[in-house]
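Dear colleague,

Please find below the sequence and the structure that I am handing over to you. A summary of the findings follows.

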Amino acid sequence: MSRRMTRENAMKLLYQLQLRDDDANEQIKLFLEETEGLENLDKEYFFDVVHGVINNKDEIDNLIQEHSIGWQLERMPKVDLAIMRLAVYELKYRNDIPVNVSINEAVELAKKYGGDQSKNFINGVLGKIVMKLKNGKEQ
């Protein structure tokens, strides 16, 4: 399975984790059991980003909140938040993924799953986060 499809499935799981208060490990297990077509999932990447977002959620959410002027996390569409959490994790913790790839993939997910303004909103927030990370203020 391509990295793109693995990323999309990771985003779907991160979205699902927002909706249910069940144990995260149980939800991950059920997602892998119940979702069809995951035979060739890049499991190393999938588990890294899902657990990475879960384990660094407060830090990731703080970055998103700081750079989404006028929006509170609780009011953002949950799919947009899942996409941004995944992208911010990649931007901050995955040096093997180029910045433009993380942002472009997030925008593509927003086009597919988000609302009319999602791609512009996500692109803008991620762009601001990248500038902060490049300036070394958030390391």
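**Aromatic residues**

Phe31, Phe46 and Phe47 together make up one aromatic cluster. Please bear in mind throughout that this is a predicted model.

The number of aromatic pairs comes to four. In one of them, the ring centres of Trp71 and Phe121 are 5.6 Å apart and the planes stand at 50 degrees, so this pair is classed as tilted. Trp71 belongs to the loop between H4 and H5, whereas Phe121 sits in helix H7, so the pair ties together parts that are 50 residues apart in sequence. Trp71 is partly exposed, with a relative accessibility of 37%. Phe121, at 19%, counts as buried, because the cut-off for that class is under 20%.

Tyr89 and Tyr93 also form an aromatic pair, and this one is stacked, with 5.1 Å from centre to centre and 25 degrees between the planes. Both residues are in helix H5, and because they are four residues apart, about one helical turn separates Tyr89 from Tyr93. Tyr89 is buried at a relative accessible area of 6%, while Tyr93 is partly exposed at 30%.

**Nonpolar core**

The largest nonpolar core has 42 residues, and the members that touch the most others are Val50, Ile64, Ile83, Ile122 and Leu126. At least two residues of this core come from each of helix H1 (3-19), helix H2 (24-34), helix H3 (43-55), H4, helix H5 (78-93), helix H6 (99-113) and helix H7 (118-134). H5 provides the largest share of the core, namely ten residues.

**Asp61**

Asp61 is located in helix H4, which covers residues 57-67. Is Asp61 buried or exposed? With a relative accessible area of 7%, Asp61 is buried. When residues up to four places away in sequence are not counted, Asp61 touches Leu73, Leu81 and Arg85.

**Largest pocket**

The largest pocket holds about 150 Å³ of space. Its lining consists of Leu14, Leu17, Gln18, Arg20, Asp22, Ala24, Gln27, Val53, Ile54, Lys57 and Arg85. Two or more of these residues come from each of H1, H2 and H3. H1 contributes the most to this lining, with three residues. By residue class, the lining of the largest pocket has five nonpolar, two polar and four charged members. Arg85, one of the lining residues, is also a contact of Asp61.

**Largest cavity**

How many cavities of 30 Å³ or more are there? The count is one. The largest cavity contains about 30 Å³ of space, and it is lined by Arg7, Ile83, Leu86, Ala87, Glu90, Ser102, Glu105, Ala106 and Leu109. H5 and H6 each give at least two residues to this lining. The lining of the largest cavity divides into five nonpolar residues, one polar residue and three charged residues. Ile83, which is part of this lining, is also among the core members that touch the most others.

With kind regards

Note on methods:
Residues numbered from 1 in each chain as written. Predicted model: local features only at pLDDT ≥ 70, side-chain atom pairs only at ≥ 80, totals over all residues. Heavy atoms only, no water. Buried < 20%, exposed > 50% of the residue type's maximum accessible area, 1.4 Å probe, protein only. Contact = heavy atoms within 4.5 Å. Core = buried A, V, L, I, M, F, W, Y, C linked by side-chain atoms within 4.5 Å. 1 Å grid on protein atoms, 1.4 Å probe; cavity = no way out; pocket = protein on both sides within 12 Å on 5 of 7 lines; lining within 4 Å. Points joined across faces, edges and corners; volume = space filled by probe spheres on them. Nonpolar A, V, L, I, M, F, W, Y, C, P; charged D, E, K, R; others polar. Phe/Tyr/Trp six-rings, centres within 6.5 Å; stacked < 30°, edge-to-face > 60°.
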